[in-house]
Amino acid sequence: MKIKAKLNIGVGLLFLMIIVLSVLSGLYINQLKKDTHNILVANYNTLEYSRNMLLALEDIDTDPVAYQTFKQHLVKQQNNVTEIGEKEATENVAKHFELLKKEPQNKTALSSLRKDIAELMRLNMVAIQYKSNLADTTAQKAIVVISVAGTLCFLIAFILMVNLPSNIADPIRQLTASIRQIADQNYKERVHFESHSEFGELARSFNTMAEKLQEYSESKLDKIIKGKKRVETLIDNMHDPVIGIDENNKVLFVNDEALKITNLRKENFVGKLIQDVAVTNDLVREVIRQIIQPEIADSEKKTIKIYADGKESYFEKEIIDINIFPTGEEQSQFIGKVIMLRNITPFKELDLAKTNFLGTVSHEFKTPISSIQMGLQLLENEKIGNLNDEQKNLITGIKEDSDRLLKITGELLNITQLESGSIQLNIQSSDIRNIIEYAVNANKTTLDQKQIQLKINIEEGLTTVLADSEKTSWVLNNLLSNAIRYSYENSDIEIDVQNENDRVRFSVKDYGCGIDKKYIEKVFDRYFKIPGSKKEGTGLGLSISQQFIKAQGGEILVESELGFGSSFSFILKSE
């Protein structure tokens with residue numbers, strides 16, 4: 001517990017007990033005051049009135065005013081009846097007084113009147129005695145309660161007096177001794193306060209300070225210089241450009257490769273604010289755009305094209321935040337950034353060579369495949385000659401393989417166009433029914449083989465879409481082909497075209513095996529195939545479809561549930 005909390009609790013409790021003691025004392029004093037006031041007002045006054053009435057009786061024979069005096073004190077007594085039986089006694093006094101006024105010589109009435117007054121005095125004397133005893137009881141009770149409360153206050157004050165000084169003085173004494181050890185250059189000294197009070201925090205701060213002093217005392221300047229030189233040499237000999245800046249964007253170091261591609265001198269770079277350097281250097285401005293404008297970091301391309309070494313070179317930018325944990329502290333501290341430009345030119349060149357190779361091979365394949373298909377058509381022509389069943393089966397197999405090979409060749413050609421950026425779009429008003437008809441005719445044979453019922457629903461009044469008819473037909477054909485491939489026999493496939501917020505949505509829904517949720521985000525990746533799937537395919541169709549749709553300013557979506565089928569849809573602009 002914190003020392004401050006202990007003090008607050010102890011002093012607060014003591015203060016509370018003092019308040020309780022004061023309140024109790026006030027209550028009991030007030031009670032005693034009430035008891036004595038009752039005796040004075042109720043009983044003493046009655047005794048005074050009775051005494052005055054007796055004195056008036058003595059002067060009745062000699063003083064004509066005595067009756068009037070008696071009457072005045074009797075009226076006061078009648079207004080001061082407080083005890084049990086006092087009312088009846090007062091009424092008897094009044095009755096006998098009236099009788100005495102009528103018969104002044106009636107000795108019996110005079111004697112009865114004295115007896116009634118005596119009874120009245122007796123009743124009040126008994127009441128005084130009772131109330132006096134009650135006041136004594138209240139006083140005794142007050143003494144006991146106030147004594148107990150005072151004892152508790154004393155005990156609390158005693159406990160505070162015994163414990164608080166030691167709780168404060170002992171850690172200070174120990175800390176003072178440790179400080180003397182540090183002053184004597186004994187940096188291994190540590191203090192250990194197990195409490196979670198302010199002294200515990202002080203001990204942790206002291207130990208952190210001692211640990212840092214020990215670290216600094218054990219370090220050697222030559223080791224620091226050698227380590228710095230070692231790091232600088234390592235950075236300078238890296239084949240990739242590297243720039244280091246501190247937390248204030250001041251350039252700390254830059255290697256030779258970075259100086260070469262920026263065409264700057266070291267003295268014009270190191271020690272300057274990197275945004276100041278960027279003002280006069282386009283490349284540096286492009287490199288630090290993500291630092292100066294973090295909000296566009298997600299959308300900007302990471303690959304930078306730079307003219308270096310007499311040719312166009314490609315670099316992949318990576319900005320690394322440098323965070324360290326200072327000695328003895330638990331939270332990291334940001335101290336700067338390192339900007340690295342990885343030279344990926346060889347990989348770009350290999351990728352371009354691969355694209356060119358695929359394009360060349362795919363283009364060259366189309367001619368012999370077309371010849372094979374033409375030969376198959378001639379063989380199937382009965383005018384040339386009849387074929388037996390075995391020959392027909394062979395021709396069917398060859399035809400299927402050539403169709404599959406032609407499809408793969410077409411996909412490879414499309415992917416090379418996308419990679420090389422040579423894809424040509426002819427976006428214009430396109431008939432929706434023609435697009436659907438192309439996809440349906442291309443897959444009519446497989447639909448019939450699996451006896452799949454195709455349901456087409458086009459929103460009324462929707463006839464055209466703003467799109468490249470050829471590319472869009474290819475995409476719909478690919479989605480329908482996939483739906484047929486993964487559907488069960490005698491099932492249904494739905495093609496739905498709807499107007500959606502001034503855009504047109506094409507949807508292909510099947511009721512086949514579906515896709516596991518963990519693979520849904522990957523189905524548009526190039527060459528990706530769902531693990532465990534035995535279905536044929538290159539893994540390029542959906543990737544090409546996505547590129548075709550995005551190139552037209554649209555988007556392609558997928559919804560699927562394992563065991564319940566899938567729904568692929570793409571959205572394009574309407575006219």
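1. The model is a predicted one. Is Leu-175 buried or exposed? Leu-175 has a relative accessibility of 11% and therefore counts as buried, since the cut-off for that term is under 20%.

2. Asn-249 belongs to the loop that links strand E1 (242-246) to strand E2 (251-254). Because its relative accessibility is 17%, Asn-249 counts as buried. Which residues does Asn-249 touch, once its neighbours within four places in sequence are set aside? They are Lys-272, Leu-273, Ile-274, Gln-275 and Ile-291.

3. The next points concern a sheet. Five strands form an open sheet in the order E7-E9-E10-E12-E11, and their pairing is mixed. The edges are taken by strand E7 (453-458) and strand E11 (555-561); each has a single partner strand, so one side of each has no neighbour in the sheet. On average, and with direction ignored, neighbouring strands of this sheet are turned by 15 degrees against each other.

4. Six of the eight residues of E10 are buried, so that the strand is mostly covered. E10 runs antiparallel to strand E9 (residues 492-500), and eight bridges join the two. Among the pairs, Ile-493 has Asp-510 of E10 as its bridge partner, and Asp-496 stands opposite Ser-507 of E10. The hairpin of E9 and E10 has two residues between the strands, and Asn-501 in this hairpin takes a positive phi near 55 degrees.

5. E10 is also joined to strand E12 (residues 565-573). How many bridges join E10 to E12? There are seven, and the two strands run antiparallel. One of the pairs places Arg-503 with Lys-573 of E12 as its bridge partner.

6. The crossing is right-handed. The contact involves Ile-435, Ile-436, Tyr-438, Ala-439, Val-440 and Ala-442 of H13, together with Ser-469, Thr-472, Ser-473, Trp-474, Leu-476, Asn-477 and Leu-480 of H15. By class, nine residues of this contact are nonpolar and four are polar, with no charged residues.

7. H15 (residues 469-485) has a further contact, with helix H17 (residues 541-551). At what angle do H15 and H17 pack? The angle is about 150 degrees, and the axes are 10 Å apart. H15 passes H17 in a left-handed crossing. On the side of H15 the contact is made by Lys-471, Trp-474, Val-475, Asn-478, Leu-479 and Asn-482, and on the side of H17 by Gly-541, Leu-542, Ile-544, Ser-545, Phe-548 and Ile-549. This contact divides into seven nonpolar, four polar and one charged residues.

Definitions and conventions
Residues numbered from 1 in each chain as written. Predicted model: local features only at pLDDT ≥ 70, side-chain atom pairs only at ≥ 80, totals over all residues. Heavy atoms only, no water. Buried < 20%, exposed > 50% of the residue type's maximum accessible area, 1.4 Å probe, protein only. Helix = DSSP H or I, 4+ residues; strand = E, 2+ residues; numbered from the N terminus. Pairing = 2+ DSSP bridges. Axes fitted to C-alpha atoms, helices over the stretch in contact; angles between N-to-C directions. Left-handed = near helix turned anticlockwise from the far one by under 90°. Contact = heavy atoms within 4.5 Å. Nonpolar A, V, L, I, M, F, W, Y, C, P; charged D, E, K, R; others polar.
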